[in-house]
Amino acid sequence: MPPTVVIVDDHPSFRASARAMLEASGFEVIGEATDGSSGLELLRRLRPDVVLLDVQLPDMSGFDVCVECGDVDGTSVVLVSSRDGADFGDLIERCGARGFIPKADLTGEAVAAFVP
Amino acid sequence: MRSSVALAGAGSGIVFALALVVVGTSDTADSPVAITVAVLAGVSWIVAGLIALMRYPEYRTGWLMIAAGDLWAISALQLSSVPLLFTLGVALGQVALGPWIQLTMGFPEGRLRNRVDRALVMTTYVALIAVPTFEALFDPEPLPSCDGCPDTLAIADRPTAVSAVAVLGGLLAAALAAIYIVRLVRRYQAASPPLRRILGPVYVATVGALLAIIAMNTASLVWESSRQIAAIVTVVLFGAVPVAFLVGLLRIHLARGSVAGFLGTMREGGSLRDALADTLGDPSLAIVYPLESRWVDEEGRDAERIVSAEDTILTPVVADGEIVAGLVHDVSLAYDSTRLEAVADAAALALRAQGLQAEARGQFAFLLTLVETAPSLFIHVGADGVIRNQNAAAVEAAGYSDEEHVRGRHFWDVFIDPSERDEVIARFRALAPTFEQGEYENAFTNARGEERVIFWRSAPVLTESGEVAGIISGGIDITARRHHELELERERDVQSTVFESMPSIMVVLAPDGTIRDRDADDPSIGANRAFREAVSWPDEEIVGRPFLDLVVEDADGRARGAIAAAARGEASETVESELRSADGTSRIFAWSAIPVADVTGRMERLVLVSGIDVTERRRQELEDRRRREFMEAVTGTIPSFLLVLRPDGTVREFGANKAFETTFGWSDAEIAGRRFVGAITPASDLAASMVIAKAAEGVIQDEIESRWETRTGESRIVAWSARPVMDTHGEHMVLVSGMDVTTRRLQEEEIRASRSRIVAAADEARRRLERDLHDGAQQRLVSLSVMLSLAESRLQAGSDGVGELLTGARSELSLALEELRELARGIHPAVLTDRGLGPALQALAARTPIPVSLEFPDEKLPSDVEAAAYFVAAEALTNVVKYAHASEAAVEIALNGESVSVSVRDDGIGGADPGKGSGLRGLSDRLSSLDGRLAVQSAPGGGTCVRAEIPYGQATRN
């Protein structure tokens, strides 16, 4: 069965293109959230294999969401941003995410690399 | 006189004859013996009285005696048988005692001397008449032992009354008798021996008789039997008394010699005084002579003592109507004045001669005293130059104590030095024979070796014939004066040296204020060296010139007044004047003028001006004063605060300047004495305390900023420092100087706040930019990148749907470009830079959803002004769109002279608060950086008007 993905990002255009990219790479996008709290709720409910989590969310940062969803086992959190990963330093590791992908470099293989 | 004697004798004869008749016809006559004795007693009185009357007619003595005798005769009427006569006889029986007593008390003249005597005698007479009369009138038989006596013409028979009166009478008689005795005794004791000789017999007889009579009468009252004997003895005694009177009277006479005897003594030679004394019988006699208004003795000496001796009388001796002498003799001589006068007359001529002599002697004695006691020298020199006489002063001046060394010697040997002797002898000889008056002075060494200087004046003494009998020279010893003059001379020399050399200026002026010439006698007067050097005038130019000429300016007349005061004789006050020097400069002197005496005596008074040069001092003072005034002006006007504190940190009196007082509201009196830390800075300000303490120790402090409180409690921020200073009295103080930086700080605060706001605004804008880029264009480009990579992978995989992906990518790209453009416009619209404010506003209006009317000037404004105007409009319109709910808006840009106004109006709901909304705040900051202002009028419901004023000057126009 294909790995499940939830996309959490407030930009619709990115969500659309990310969905297209992921589905073309064999993922199943089972949900989309536009902000951190609804994203968290979705995560707990759907328990996807992967969460594509934008760092800049309207209500909370992606890091916070990651920390919150640390109680959700089996979900790999992949952080994305239009900014450079170097901007975030060790926040990425410390929040419990699996990794970070710049949005411009988003490919299905890149995501899959983080899925166990 | 003889006639009165004859008359008295005749009268008495008749009385006695009548008495004898009575006796003869009397029935009650006693024994013949008694009668005879009685008659003899009466006759004795009469005869004695007649003799006294003949001898001393001027006395009353004679008449009184006769009266006594006659009255005695009347008492014989007691023997009459006729009641009337009998009564009379009884009544007047004792009255004869009256004259007897009167005689005694008034002996020898028979005149009573004083009131007491007169009163006593009067009382006696009254008693002698009254008592027997009473008896006669109230006792029919007053003589109980008389058998054949008739009764009196008594009025009544009152035996008891009569007895009483008799007793009273007896007592009165006793009293009177006692008084009389006492007085007589006293008088006797006070009398001089000659007088006693006269009075003695009379007094003794009277007193004795009285005592005896009284005793016997008293006894007979007790023993009836003795009455007869008593009566007889009484009569006998009564009859003996006149003899005593005569004896006394004769003694007056006997004591005197006769005039003839006197003249005889005179002719024999011997002193006049002795002759007079012998003749008058008064060994104490003295003769005095009149000299001017006093009496002198024959030597011309004052005789006041002689004249005023006790119990003496001075009887003047008159010759040719002039008093030539006075006889000072015993009082008793005065009773024999006739004799006295006769003797005096005989002696008058001789007395006159003696008087003249006495006068001459007296005058001579006076002159002698004068000459002897005068301090001047007197010498009497003969025509031969020999000293005939001299006074004590001359002897002393010659250096001797004994006149023997002077008298008899030539005066040139005594009073002239050997070296001058010949000259003096020659001169003396030359003055002969007239020896006219002259004066000369000579110095010599006397016998004691003392130097003397004598000033002589001599004059000749002429005889009656005009020849020179001698020369009298009077001399004044002027040795002391000469020495004094020498001393004065020396003193003057000292004074002139002092005068000349002292550092003070001295000028001597005549009373008219002109500078005195150097005197030939006293070359030091005029002006001293100090003065000449100070004003450097040569002598020729100052002598005789008025001192005031040298005074530069005497507007208030003080210099003139000072000189005038000294000319009047008063010391003047100290005056300051500027005196001009010859070289054109001037110096200031503090001087005063005092009156001084002219030692040469030519002028009554001179004026001495003395003073010191105070030029430097004055200049210094002026400088100091100017400096002080300058400092005061500075401290008074500078805006900085100046405080002078004492080392203990309290404000000194007059220690705050005007700026401090004005700003902090303390008057000088209120702040003086208060502590700086506590009253001005808060007490808790340790930094301020430290600064003050360190400055008090002497360390200049750096500036610090503190809060200073005004009197009303407001705070001001002051940048101040403190330093140690010394005040004008030389005491250590602390000077605090500060600037009020409150406004500056606030402004700095404001500027800093504004700047930080601007910076914050810029940061904020950049953040927004970043976010906008991130959220907007960046996202789109990211999506675009994903779509293209998808398309790439799909193309590689040969899948379809690439065309849709590419289309989508292109639309995504357009949107991104649009967003970027929008963003750029937000930063700085290109149209503003390229085409100016107008077109930029138009583009702005076009983008605004509601209709916006525009008005703007044609001129090109500076780019920062245009940018500010554009952003004001842009921000305001954004707010209108967001909040105002307006239907339309208006933008108006206008030029008002020196500024540009930007107004944005809308018709919305208003109620905009310029404080809220960072947009307007940011605008405010931007505008303030251009010195512009922003105003927002936004009444609720009334629309909003945002108006900005941006100043711009000519210089910034381009």
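Buried here means under 20% relative accessible area, exposed means over 50%, and partly exposed covers what lies in between (1.4 Å probe, protein chains only).

## Ground rules

This is a predicted model, so to speak: local features need pLDDT of at least 70, side-chain atom pairs count only at pLDDT 80 or more, and totals for chains, interfaces and linings use all residues. Residues are numbered from 1 along each chain as its sequence is written, chains are lettered from A and ligands numbered from 1 in the order in which they are written, and side-chain values use heavy atoms, with hydrogens and water left out.

## Chain A on its own

Reading from the N terminus, the elements go β-α-β-α-β-α-β-α-β-α.

Chain A has 116 residues, and 51% of them count as buried. Its accessible surface comes to about 5000 Å² (Shrake-Rupley method, 1.4 Å probe; for residues, only the protein chains shown count as cover). Carbon and sulfur atoms hold 50% of that surface. As for contacts (heavy atoms within 4.5 Å), take those in chain A between residues at least 6 apart in sequence: 59% of them join residues at least 24 apart.

## Where A meets B

The contact between the chains draws on 15 residues from chain A and 13 residues from chain B. Together, chain A and chain B bury about 1300 Å², with 57% of it on carbon and sulfur atoms. Buried area here is the accessible area (1.4 Å probe) that two parts lose on being put together, summed over both. On the chain A side, helix H1 (residues 12-24) gives the largest share, seven residues. That side splits into seven nonpolar, six polar and two charged residues. For the bookkeeping, Ala, Val, Leu, Ile, Met, Phe, Trp, Tyr, Cys and Pro are nonpolar, Asp, Glu, Lys and Arg are charged, and the others, Gly among them, are polar.

There are zero salt bridges between chain A and chain B (side-chain nitrogen of Lys or Arg within 4 Å of a carboxyl oxygen of Asp or Glu). One residue pair is in polar contact, with both residues at pLDDT 80 or more. A polar contact is a pair of N or O atoms within 3.5 Å; within protein, one must be able to donate a hydrogen and the other to accept it, and residues adjacent in sequence count only if both atoms are side-chain atoms.

## Salt bridges in chain B

Side chains of opposite charge can pair when their charged atoms come close. Over all chains, the count comes to 50 salt bridges. One of them joins B:Arg625 to B:Glu629, with the closest N and O atoms 3.6 Å apart. Both residues lie in helix H22 (residues 615-637) of chain B, four residues apart, about one turn of the helix. B:Arg625 is partly exposed at 39%, and B:Glu629 is partly exposed at 44%.

B:Arg905 pairs with B:Glu892, the closest N and O atoms being 3.4 Å apart. B:Arg905 sits in strand E21 (residues 899-906) and B:Glu892 in strand E20 (residues 889-896), so this pair ties together parts 13 residues apart in sequence. B:Arg905 is partly exposed at 38%, and B:Glu892 is partly exposed at 27%.

Then there's B:Glu949 with B:Arg947, at 2.6 Å from N to O. B:Glu949 is buried at 16%, whereas B:Arg947 is partly exposed at 33%. Elsewhere, salt bridges that share partners link B:Glu396, B:Arg448, B:Glu450, B:Arg452 and B:Asp477 into one network.

Technical notes:
Helices (H or I, at least four residues) and strands (E, at least two) are DSSP runs, numbered from the N terminus.
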